[in-house]
Amino acid sequence: MVLQFVYSNQNFVTDVCRTNGNGPGMAARPPATFDTTIQAGWTDRIERGLFRYHLGDLQTRILPGPHGYVAQLNIQRGIERRKPQEILSIQQEFNGKQFNFNKINPDEVIFEMLKDTVGGSPSHENGKQLRQPHRMVVLVNVSPLEFGHCLFVPDPTRCFPQVLTSFAIRVGIESVLLSSDPGFRMGFNSLGAFASVNHLHLHGYYLDHELKIESMPVKPLLPEKGFYRLMDFPAGFLFYTDSESVEEVARAICQVTDFLVDGNIAHNLFLTRGCAPCDRMQGEKDRSSRKGVRIAIWPRISCFGAKEESAFNVALCELAGHLPFKNKKDYDLTSEKDVVHIIQKYLLPDGDFVHLEQQLTSHLMDLKCMDKTMLESALM
């Protein structure tokens with residue numbers, strides 16, 4: 001019997017702050033139930049020998065320079081992880097003959113997340129509990145990047161391809177809000193952006209080091225939709241939400257990722273606790289607040305059958321500033337300038353990015369007007 005983790009909006013942790021820049025002890029409060037459930041389940045699977053390698057404490061260094069890249073040496077992941085599937089299109093259909101998460105060892109599943117849609121303790125009507133029909137299955141990643149590395153798979157038996165849905169985005173955001181640890185991160189790689197399995201999933205893991213993305217200045221594009229542009233490298237977009245606006249922001253993010261999929265534009269997402277968006281320097285109190293969630297979206301050049309980089313692949317965590325290196329030489333010698341050079345090769349050209357920014361802003365404005373018109377019609 002799979003453990004069920006039932007939660008509601010009342011379980012969101014809203015008073016998170018970053019007390020240290022880097023290293024253990026970042027969380028200023030005890031672990032939330034969400035954290036202890038994941039961590040206990042993850043540690044149990046290690047003890048039961050379900051992982052491809054022993055992770056241990058990863059050798060870590062902060063690269064000198066303004067970007068504050070967090071470099072980690074993880075040789076075993078590069079060697080032991082499952083060979084990525086052949087991906088030919090961002091809109092490639094699910095193929096049940098290939099590896100997917102219905103073929104895993106059932107013991108890899110830690111729990112499934114179910115939301116109490118009413119709030120508080122599970123509600124009942126005519127003897128039936130009122131919970132969402134969808135479930136999010138959380139299982140260990142047997143080739144982990146970092147401590148607690150799990151995969152979040154929406155309804156595995158429904159065999160969704162690796163294209164984001166508003167449900168997947170919403171539960172991803174809610175998972176970050178359920179954690180009291182500012183080091184808990186979530187992320188997504190689209191097909192063509194180093195997704196290795198074409199079966200809808202997000203990544204979740206703990207990284208006890210501050211990343212610049214948590215407080216990077218932004219330019220407002222459509223702030224009423226929570227939509228901003230990142231003002232530092234690498235070029236990308238940002239959404240922000242507190243615990244009160246998760247559903248609306250998740251829908252807006254899905255509108256953006258649907259637009260990218262329709263345009264065959266590969267993309268990576270990274271979700272993390274972060275301070276509220278600001279286009280100027282903030283006071284220390286504002287900068288240390290981790291009340292809400294920042295969701296970064298990086299459109300990028302697609303990679304189909306491309307040769308992998310020797311140092312690290314450019315995917316969700318690398319774009320956010322977390323660099324898992326595959327070999328000791330690159331880990332020791334790579335500079336911030338080298339990292340920027342590698343990442344730049346995978347980003348859209350400046351002109352294409354500016355054009356996409358205009359398209360997305362116009363697209364979201366059009367959808368906002370349509371929503372307003374539909375609402376007015378419904379009230380008439």
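Modeller: Counting every side-chain nitrogen of Lys or Arg within 4 Å of a carboxyl oxygen of Asp or Glu as a salt bridge, the total comes to 16 salt bridges. Keep in mind that this is a predicted model, where local features need pLDDT of at least 70, side-chain atom pairs count only at pLDDT 80 or more, and totals for chains, interfaces and linings use all residues. Residues are numbered from 1 along each chain as its sequence is written, and side-chain values use heavy atoms, with hydrogens and water left out.

Let's start with Glu210 and Arg290, whose side chains form a salt bridge at 3.3 Å, N to O. This pair ties together distant parts of the chain, 80 residues apart: Glu210 sits in the loop between β10 (202-206) and β11 (218-222), and Arg290 in the loop between α5 (284-288) and β15 (292-300). Helices (H or I, at least four residues) and strands (E, at least two) are DSSP runs, numbered from the N terminus. Both Glu210 and Arg290 are buried, where buried means under 20% relative accessible area, exposed over 50%, and partly exposed in between (1.4 Å probe, protein chains only). They also belong to a salt-bridge network with Arg18, Arg185 and Glu214.

Now look at Lys328 and Asp332, bridged with their closest N and O atoms 2.7 Å apart. They are four residues apart in helix α7 (residues 328-333), so about one helical turn separates them. Lys328 is partly exposed at 37% relative accessibility, and Asp332 is partly exposed too, at 38%.

Finally, Asp44 and Arg48 make a salt bridge with closest N and O atoms 2.6 Å apart. Asp44 counts as partly exposed at 25%, as does Arg48 at 41%.
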